[in-house]
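Colleague: I would like to go through this model residue by residue before I use it. Please show it, and then take my questions in turn.

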Amino acid sequence: MKDILSEIIAHKKIEVARQKEETPFSLLEKRILKETTPFYSLKAALEQSTTGIIAEFKRRSPSKGWINRTAEVTPVAKAYEAAGAAALSVLTDEPYFGGTLADLRAATESVSIPVMRKEFIVDEYQIYDAKLSGASAILLIAAAITMEESKRFTELAEQLQLEVLLELHDERETDYITPMNRLIGINNRNLGSFVTDIQKSFRMIDLLPREALLISESGIYDPQVVRELHDAGYRGFLIGENFMKSDDPGESLGAFLKDIERL
């Protein structure tokens, strides 16, 4: 079976090295000092939300191909916010997901809710880029980095006033959790095969610290499942494809939220 994650990470390291040549790290550090973008807490937004939906902007995926090739981030981000999303997630990987840093910047400039950079982060450089693009949070994928890198990247993110969503995929990765990790996600998608199994969130819930805010990610299509995950202890639900496959992702989110309210 092809390991998609390993392929993406190998490509990502080459991509970041090229970015460092084009724009030296020292230049990013100087820009950070002038950065004045607003910060919106993802954790607080989810705690205050009645639904906890993190609506994702995603044009394509390695497993499904193009989901919404012509989608424009600004109108979708605004529609998501208007429909009631607690926060947004924006893919910034271009080869595999069709996203860019320009998408992230456009989203953060369009809404007044938290926006997370959804990326395969393997270097501090990407964390600075997230901050400079207006993100309020970043994703750290345990399967993509070492425990030492996870700790170091989390500390840097906190220094830059960025919240971190630590994403786990199996029981072994719970070793990555430290007291710094106040947002923990379970990705129901296997990043090697990209097969989803929603039961993963239910199986792993008892292994996670209850003082952290827990988020279930991927493969969520049914409002009833959101209710069941909420009852199990999750307070955030990252959903992208279910909305992005429609002609009007914002309208799709609105209908989904109404269905949750009816349950």
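Colleague: Which residues is Leu46 in contact with, leaving aside its neighbours within four places in sequence?
Modeller: This is a predicted model, in which local features need pLDDT of at least 70, side-chain atom pairs count only at pLDDT 80 or more, and totals for chains, interfaces and linings use all residues. Residues are numbered from 1 along each chain as its sequence is written, and side-chain values use heavy atoms, with hydrogens and water left out. Contact means heavy atoms within 4.5 Å. On that basis Leu46 is in contact with Gly52, Ile54, Ala86, Leu213, Ile215, Arg235 and Gly236.

Colleague: Is Leu46 buried or exposed?
Modeller: Leu46 is found in helix H3 (residues 42–48); helices (H or I, at least four residues) and strands (E, at least two) are DSSP runs, numbered from the N terminus. With a 1.4 Å probe and protein chains only, buried means under 20% relative accessible area, exposed over 50%, and partly exposed in between. Leu46 has a relative accessible area of 1%, so Leu46 is buried.

Colleague: How many residues does the largest nonpolar core have?
Modeller: A nonpolar core is a set of buried Ala, Val, Leu, Ile, Met, Phe, Trp, Tyr and Cys residues joined through side-chain atoms within 4.5 Å. Among those with the most contacts inside the largest one are Ile53, Tyr80 and Leu88. Tyr80 touches, among others beyond four places in sequence, Phe57, Leu88, Phe243 and Leu253. The number of residues in this core is 87.

Colleague: What kind of aromatic pair do Phe243 and Phe256 form?
Modeller: Rings of Phe, Tyr and Trp (its six-membered ring) pair if their centres lie within 6.5 Å; planes under 30 degrees apart count as stacked, over 60 as edge-to-face and the rest as tilted. The structure holds 5 aromatic pairs. For Phe243 and Phe256, the centres are 5.5 Å apart and the planes make 80 degrees, and the pair is edge-to-face.

Colleague: Which residue forms a salt bridge with Asp103?
Modeller: A salt bridge is a side-chain nitrogen of Lys or Arg within 4 Å of a carboxyl oxygen of Asp or Glu. Asp103 is one of the buried residues of helix H6 (residues 101–108). The closest N and O atoms of the pair are 2.7 Å apart, and the partner of Asp103 is Arg59.

Colleague: Why are Glu15 and Lys12 separated by about one helical turn?
Modeller: The two form a salt bridge, with the closest N and O atoms 3.2 Å apart. Glu15 is buried at a relative accessible area of 11%, and Lys12 is buried at 0%. Glu15 and Lys12 are about one helical turn apart because they are 3 residues apart in helix H1 (residues 4–22).

Colleague: Which side chain of opposite charge is nearest to Glu173?
Modeller: Lys and Arg count as positive and Asp and Glu as negative, while His and the chain ends are not counted. Glu173 lies in the loop between strand S7 (163–168) and strand S8 (183–187). Glu173 is buried yet has no salt bridge. At 6.3 Å, the nearest side chain of opposite charge is Arg172.
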